[in-house]
Amino acid sequence: MYHYSMNTKNFKNHSVGVRFSVSDGGDDNIIIHCHSSYEILYFIRGNVRYIIEGAEYNLKAGSLLLIPPNVVHGVKACGDGTYQRCVLDIYPKAFDLDGENLLRMVFSSKCYYENTDGCGIGNAFDDIFSAAPLSDWALNISVQALLIKILLMQNTLEASEPRIAASGAVSQIITYINENFTEKITLDDISAKFFVSKHHLNKLFRKATGITVGEYVIYKRVYYARGLIQRGVRASEAAESSGFCDYSAFYKAYIKRMGHNPQSDSPDAVN
């Protein structure tokens, strides 16, 4: 059935990237990250919890997680064993119009589904790994087949609720930041808007998301800027459009989170 192993190769082209990942558990830290791609995570085994914008999910074997671009999320491995998953990254604007519409439909629903094996999701990932070495065409076709399976699954399988939902206050703050992060917003502004002290606000927010309000805003801005740069926008313009008032601050924030300078993500960059 599943052919994944620790020797399985990772594959990537201009449209998608697919990998089988094995990570060690036993670390109490929550690893916070974000990405500019659509991410589909098929969980195989382990003891892991995911925090997605304040909601916490305990992943079960055979579960599926759908994470849209620029959504800040964290993962924590619970226990000493390893955890295994297949991850598919789909880059925006990679497909034709029909492919884009299919992608939007899949990610317009809820994000977490358990007991998906009866829907053929695991087998579809197996097909992707089989097709990937053949050609870009075979890989892209197998990815679209997975998207169709997920869309059919969403019409028959009810989404699973998070183990812990974001509190009303945190959920409202996240929504506010998501809608306004490209503007000049500060901790003082948010504190005044939601009638809560800055200290208490950061305490609530960190408990729910794993990071402070300020860190969350920077993640949103950096990855939004990255998406602009990947579409050909100049780094300085992307920095300003994403809410950074100072290019040097943007540059430092970008390198810290990406590990490379902004120009490296430009379509004109020489590999």
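Start by selecting helix α2 (residues 121–131) and helix α3 (residues 136–156): their axes come within 8 Å and cross at roughly 175°. Here an axis is a line fitted to C-alpha atoms, for helices over the stretch in contact, and angles run from 0 to 180 degrees between N-to-C directions. That angle makes α2 roughly antiparallel to α3; angles under 35 degrees count as roughly parallel, over 145 as roughly antiparallel, 65 to 115 as roughly perpendicular and the rest as oblique.

A word before moving on: this is a predicted model, in which local features need pLDDT of at least 70, side-chain atom pairs count only at pLDDT 80 or more, and totals for chains, interfaces and linings use all residues. Residues are numbered from 1 along each chain as its sequence is written, and side-chain values use heavy atoms, with hydrogens and water left out.

**Stop 1: between α2 and α3**

On α2, pick I121, A124, F125, D127, I128 and A131; on α3, pick A138, L139, S142, V143, L146, K149, I150 and M153. These residues make the contact, where contact means heavy atoms within 4.5 Å. Colour them by class and you will find 11 nonpolar, 1 polar and 2 charged residues. For this count, Ala, Val, Leu, Ile, Met, Phe, Trp, Tyr, Cys and Pro are nonpolar, Asp, Glu, Lys and Arg are charged, and the others, Gly among them, are polar.

Helices and strands on this tour are DSSP runs numbered from the N terminus, with at least four residues of H or I for a helix and at least two of E for a strand.

**Stop 2**

How many of its 11 residues are buried? The helix is mostly covered, with 8 buried; buried means under 20% relative accessible area, exposed over 50%, and partly exposed in between, using a 1.4 Å probe and protein chains only. Select I121, G122, A124, F125, D126, I128, F129 and A131 to see the buried set. Their cover includes α3 and the strands β1, β2, β4 (38–45), β7 (64–67) and β9.

**Stop 2: the six-stranded sheet**

Two strands pair if DSSP finds at least two bridges between them.

Walk across from β1 (residues 11–12), which 2 bridges join to β2 (residues 16–24). These two strands form a hairpin with 3 residues between them, and F11 stands opposite V18. Next, β2 pairs with β9 (residues 82–90) over 9 bridges; look for V22 and its bridge partner Q84. Then 7 bridges join β4 to β9, where Y42 has C86 as its partner.

**Stop 3: the four-stranded sheet**

Now select the open sheet of 4 strands, ordered β3-β8-β5-β6 and again antiparallel. Its edge strands are β3 (31–33) and β6, each pairing on one side only. On average, neighbouring strands here are turned by 20° against each other, direction ignored.

Zoom in on β5 (residues 48–52) and β6 (residues 55–58), which 4 bridges join. R49 has N58 as its bridge partner. The two strands form a hairpin with 2 residues between them, and E53 in the turn has a positive phi of about 50°. On to β8 (residues 73–77), joined to β5 by 5 bridges; there, A77 is the partner of V48.

**Stop 4: the largest nonpolar core**

Which residues have the most contacts inside the largest nonpolar core? Select I177 and F205, within a core of 33 residues. Such a core is a set of buried Ala, Val, Leu, Ile, Met, Phe, Trp, Tyr and Cys residues joined through side-chain atoms within 4.5 Å. Helices α4 (168–180), α6 (198–209), α7 (213–230), α8 (235–241) and α9 (247–258) each supply at least two of its residues, and the largest share, 9 residues, comes from α7. A second, separate core of 31 residues includes Y38, L102, V106 and V143.

Centre on F205: leaving out residues up to four places away in sequence, F205 touches V170, I173, I174, I177, G210, I211, T212, V213 and Y216.

**Last stop: α6 and α7**

Finish with α6 and α7, whose axes come within 8 Å and cross at roughly 60°; the pair is therefore oblique. Show L201, N202, F205 and R206 in α6, which meet V213, E215 and Y216 in α7. By class, this contact has 4 nonpolar, 1 polar and 2 charged residues.
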